[in-house]
Amino acid sequence: MSQSDESPVFSKPRLVLKKVLARNVNHGSRLMVNKNIASEFKGLDPFLNLDHFSVTHPVGFTDHPHRGFETVTYMLEGGLVHQDFIGNKGTIRAGEVQWMSAGRGIIHSEMPAGVGTHTGVQLWINLSKKDKMIEPSYQDLLKENIPRAAKDGVEVKVIAGEALGVKSETHTRTPAMFFDFKLHPQAQVHHNIPETWNSFVYVLEGEGVFGSPSSSPIGPSNVVFLGLGDGVSVWNKSSEPLRFLLIAGEPLNEPVAKYGPFVMSTQSEIEQAMEDFQYCKNGFENGRHWRSQ
């Protein structure tokens, strides 16, 4: 539940634990990634990483594998063309989402949809051990199908979860919420989060005050890690709009082993994933002859 007109009395409000500024890293002449902060996400179960990327044709994310987790790609500007080795192909454009469960294995590419600059964010969410070897699947959320709400200077796009009385139909194997909030000057929002879930904010535009009205404002490209509690409050005390992503999820409380694009439960499973990818077996069979176009 979200409220925008008055502050609920949270029994344990979520306060800012720390903020981390994502810095640009150039991965090629036309591929820029606001430094992924995987090391900062340790302990933020079920989340693994967040990238804020910018790509310019013809450079993009060429053929690469995944196993054992989900990627949530949310386009902010332009578009991204997706192809995979089981025949799926499509384009997500600004304001649209691809929620991909890699499961037992996927090889795909993500390339800019035409000329110009294309920007977005990609979130990695862990899958539980029981779901790591499921068949891969997708949920493509078109802009017109993402629920929206507005009240008292607060606007929200509900990608997963429920806010301001509207609910998304997105299925999340790992229980999670994902919102794109916009607060007009002097607006405020107070959103309930299950007390045991982990949560964070990524500031896209403007400056916001998070957790406590006496906190210092936090500006764009900052990841704001929140403490535990039953809700978070955000104020826009500036004269410009504030836009941020609020993301929260239920911890899996399971061991995590990671290597590049593979996220499993043990090191031996990582080694098996690498072998399966190298020899095109156990879910990667189609990789033997497939190349993106």
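First, the ground rules. This is a predicted model, where local features need pLDDT of at least 70, side-chain atom pairs count only at pLDDT 80 or more, and totals for chains, interfaces and linings use all residues. Residues are numbered from 1 along each chain as its sequence is written, and side-chain values use heavy atoms, with hydrogens and water left out.

Now the overall picture. The protein has one helix and 26 strands. Those are DSSP runs, numbered from the N terminus: helices are H or I, at least four residues, and strands are E, at least two. Of the 293 residues, 53% count as buried. Buried means under 20% relative accessible area, exposed over 50%, partly exposed in between, with a 1.4 Å probe and protein chains only.

Next, the site. Which residues does UniProt list for "binding site"? The unreviewed entry gives H64, H66, H108 and E110. They spread over 47 residues of sequence, yet cluster in space, with a largest C-alpha distance of 12.8 Å. Bear in mind that such annotations may be inferred rather than shown by experiment.

Take H66. H66 sits in strand β6, residues 61-66. Its relative accessible area is 2%, so H66 is buried. Beyond its neighbours within four places in sequence, H66 contacts, among others, H108, W124 and F284. Contact means heavy atoms within 4.5 Å.

Then E110. This residue is in strand β11, residues 106-112. E110 has 4% relative accessibility, so E110 counts as buried too. Leaving aside neighbours within four places in sequence, its contacts include H64, H82 and Q122.
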